[in-house]
Amino acid sequence: MKYCNKKTHIMKYIGIILLTVFATCASYAQPPKGEGPPKGPSAEEIETMVSNLSEQLELTSDQQKNVSAMFNAHFEEIKSTKNKNREAMEVLRNEFIEQITAEIGEDKKKEFQEFMKSQKPERKKREK
């Protein structure tokens, strides 16, 4: 009879250990939060960004319309891109900057780059 009790206790301990190991493994299987590419801006945020850029660079209404279309197209392209590796995103970003620079002129390129740098903290706030 004592042998049966020892066997039952051993089986209980093995069951508890297996359950603990399974629960631990399952918790590590969940993807960590906050990793991956940042969420893109909403349409309202894009319009606000273009409006602020337009004021800062003193864009004409035609330039503002074109820049707005470029921003929307750029962020839509990023959202639809399946290959979200860093190099591909950098190529898209550089093409976008070239398009904007062609529209606003080389004389405003530095101001545009400063504007884009100033937008990075806002993007981090939006992700949280």
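Helices here (H or I, at least four residues) and strands (E, at least two) are DSSP runs, numbered from the N terminus.

Good morning, everyone. A quick word on the model first. It is predicted, so to speak of local features we need pLDDT of at least 70, side-chain atom pairs count only at pLDDT 80 or more, and totals for chains, interfaces and linings use all residues. Residues are numbered from 1 along each chain as its sequence is written, and side-chain values use heavy atoms, with hydrogens and water left out.

Let's start with the overall picture. The chain has 5 helices and 0 strands, and along the sequence they run α-α-α-α-α. Its accessible surface is about 10100 Å², with 57% of that belonging to carbon and sulfur atoms; these areas come from the Shrake-Rupley method with a 1.4 Å probe, and for residues only the protein chains shown count as cover. Of the 128 residues, 22% are buried. Buried means under 20% relative accessible area, exposed means over 50%, and partly exposed is in between (1.4 Å probe, protein chains only).

Helix α3, residues 61-80, packs against helix α4, residues 86-104, at an angle of about 175°, and their axes are 10 Å apart. That makes α3 roughly antiparallel to α4. For the record, axes are lines fitted to C-alpha atoms, for helices over the stretch in contact, and angles run from 0 to 180 degrees between N-to-C directions. Angles under 35 degrees count as roughly parallel, over 145 as roughly antiparallel, 65 to 115 as roughly perpendicular, and the rest as oblique.

Who meets whom? On the α3 side you can find V67, M70, F71 and H74, among others, and on the α4 side the list includes L92, F96, I100 and I104. The residues of this contact divide into 9 nonpolar, 4 polar and 4 charged. Here Ala, Val, Leu, Ile, Met, Phe, Trp, Tyr, Cys and Pro count as nonpolar, Asp, Glu, Lys and Arg as charged, and the others, Gly among them, as polar.

That brings us to the core. A nonpolar core is a set of buried Ala, Val, Leu, Ile, Met, Phe, Trp, Tyr and Cys residues joined through side-chain atoms within 4.5 Å. The largest one has 17 residues, and those with the most contacts inside it are L53, V67, F71, F96, I100, I104 and F112. Helices α2 (43-57), α3, α4 and α5 (109-127) each supply at least two of its residues, and α2 gives the most, with 5. Please click on F96: leaving out residues up to four places away in sequence, F96 touches M70, F71, H74, F112 and M116.

Beyond its neighbours within four places in sequence, T101 is in contact with E106 and K109. In helix α5 we have Q119, also buried, at 6%. Q119 and M49 are 70 residues apart in sequence, and their C-alpha atoms are 8.2 Å apart.

Over in α3 sits Q64, which is partly exposed at 30% relative accessibility.

Apart from neighbours within four places in sequence, E58 is in contact with L53 and K108. Its phi is near 55°, a positive value in a residue other than glycine. Most residues other than glycine have a negative phi.

Notes:
Contact means heavy atoms within 4.5 Å.
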